[in-house]
Amino acid sequence: MDTVYTAEIHYSSYLSESGTALQKMPQWAEKPEQLVHYYRNMVLARQLDNKIIALQRTGQIGTYASLLGSEAIDTVLGELMLKEDVLVPYYRNHALQMLRGLPMGEMLSYWGGDERGNSSPAMAEDFPNAVPIATQALHATGVATAFKIRSEKRVAVTVCGDGATSKGDFMEALNVAGAWQLPVIFIVNNNQWAISVPRSIQCGAATLAQKAIGAGIRGEQVDGNDVIAMHESVNEALKHAREGKGATLIEAISYRLSDHTTADDATRYRSNDELKAAWDREPVKRLQTYLHSQGWWDEVQETAWQNEVSQIIQKGVDHYLAMPPQPIENLFDYLYAELPEALQEQRDKLIRNAQPGGSHHE
Amino acid sequence: MSNSITMIEAVNLALQHEMQHDDSVVILGEDVGTNGGVFRATVGLREQFGIKRVLDTPLAETMIAGLSVGMASQGLKPVAEIQFMGFIFPTMEHMIGHAARLRHRTRGRLTCPMVLRVPFGGGIHAPEHHSESTEALFAHIPGLRVVIPSSPARAYGLLLAAIRNPDPVLFMEPKRIYRLNAQPVEDNGKALPLDRCYTLREGSDITLVSWGAMIKETLEAADQLKKRDISCEVIDVVTLNPIDHQTILASVAKTGRCVIIHEAPKSCAVGAEISATIAEQGLLSLQAPVSRVTGYDTVMPYYRMENHYMPNSADIIETVTSTLEFS
């Protein structure tokens, strides 16, 4: 028999779990500016996550999907994607959405059950959160197809979890991205858990990155808890796509340090030992340790930044809590560009019922 | 002077017209490029407009729909083809969960001006899974327009309207009449409204309501009934979401009797919606119960038995007669 094809999947990391350098750093990481900037954004994301969970527990926000453990992935994407690129996110990318300009209060309003959280002009052409699994991968290929048809040097970036790679949509998206050499990047936040199903029984392949091989696109694994490795990998993939060379699948190895959502209880299906071990690898502490070791960050700066972050978050929360309810007729008014005559009567009824004395008046 | 053309040629003509006048119109689907589509709806378009505007896709219907949503969010107007109605089901997550809700979810920030074209219905001795009429599955979805032409001229004007409409449209083509009844169609770029029924024939004794290929049998029945001095008003519903109930109700107010004819299975079909609306808003004008002449509540049979499944003009005449005799 002849070998007609061979392939390898590479894994990259720069920072060890304990925050020491594993290899020579890229040039940009030999100076403090970018790394300190990343660190500050990661701290903000984490503290915000804690705050949102507190809001949920006190009934001020709805079911919420925590971002805990994905801080490095979102922070790097938010930094390296250009404004004119398009993000096609899933439901765990709110830190990234904010880095792309979505005001915190509006982001919070989404989790507070209000579609206006998807409507901010600051989101430009970015998609709203994909709640069904893996559908976003195809929307990203459609966006990338538009870029390619119009010969624009823009890139579509989509994010999903490890569970999403089991869906046909994901495979069909990789396939068309390869067939048409589309400017799209698929980020798999492999946080090891799809609600209660662990990575080990999600897929029989040794890596999720190797799904790229069957589609004829680049595929690689990267330590998703390591901002430096993430930066290198995403930067290269963006460059590749922007130069018209096609798509990349990046499997970012992370860990879901939270429950799936606030409606979930992960103690039902995973051990405390595993969770404890994952906390030893987490991205924020790791970068902090490295910054300390380089003399680029100290306790005074830490305290000052934590305080500043608290104020930023409080402002965002105040904005969210002060938002007036949306007009009830929004239920009909954004269904079609022009409301069909046949629906006018139902719209009138909705408004009538919401008025004082109506059956749905609050 | 305009040449007489068939419905499939009218579809092609509308696509060509709109591609010529709007650079954002892009065709995609399985075999739509070099092959010109399995029914030849897109024949010649790749040669005329190039490979960036007529895309032969990989064989994956979910992808065709999902890709179209992404393209449409960028301001393109994708016109995607699904080869047969029996293969449309993988698109449903994208049509229902995304295309129909993108404007609503983003409060108008992103929109989805896409068209999904699909041939449907029986009567051409096709393989299994090629002859279904599942329009009701889609007509139920808020935000998704469903349009069905029944003549070459209406196929031309309605397809132009579907492409120009800023929201997603499912454009269902009754393939049994793709090549029947050629008629002159002027390539004048005139779109037809997407919320109006057509009264194909005026009459005073009974209202016959139908759409798609069954319009042919309905008109044949009306012709034969006319010889017995029974005057049928024939309404082509055309747009199944939204439905122009007012035109139907006005006709029933005049005739007092109504028979609804469709090829799809009877239960929970669009005929039930029309019948319920007449009961809600036109009960007092009725002189007889509203009746339905439909396919059976069975699987659409493979072609040896399809003639037993599909309503014909004799079935319509029989039901019209009993409706007229009701007292």
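Domain bounds are those of an automatic or database domain assignment. On this basis, chain B of the predicted model is divided into domain 1, residues 4-184, and domain 2, residues 198-325. The C-alpha centres of domain 1 and domain 2 of chain B are separated by 26 Å.

Contact between the two parts of chain B involves 24 residues of domain 1 and 22 residues of domain 2. On the domain 1 side of chain B, at least two residues each are supplied by α6 (135-139), β6 (145-147) and α7 (152-164). This side of domain 1 of chain B, which touches domain 2, comprises ten nonpolar, eight polar and six charged residues.

An unreviewed UniProt entry carries the annotation "domain: Transketolase-like pyrimidine-binding" for residues 5-180 of chain B.

Taken as a whole, chain B contains twelve helices and 14 strands. Its C-alpha atoms occupy a box of roughly 60 × 40 × 40 Å along the principal axes. The radius of gyration of chain B is 20 Å, in agreement with the value near 20 Å for a compact globule of 327 residues. Of the 327 residues in chain B, 56% are buried. Among contacts in chain B with a separation of 6 or more, 81% are between residues 24 or more positions apart.

Note on methods
Residues numbered from 1 in each chain as written. Chains lettered and ligands numbered in written order. Predicted model: local features only at pLDDT ≥ 70, side-chain atom pairs only at ≥ 80, totals over all residues. Contact = placed C-beta atoms within 7 Å. Helix = DSSP H or I, 4+ residues; strand = E, 2+ residues; numbered from the N terminus. Nonpolar A, V, L, I, M, F, W, Y, C, P; charged D, E, K, R; others polar. UniProt positions renumbered as here; feature names shortened; annotations may be inferred. Rg over C-alpha atoms; globule rule 2.2 N^0.38 Å. Buried ≥ 20, exposed ≤ 12 C-beta atoms within 10 Å, placed from the backbone.
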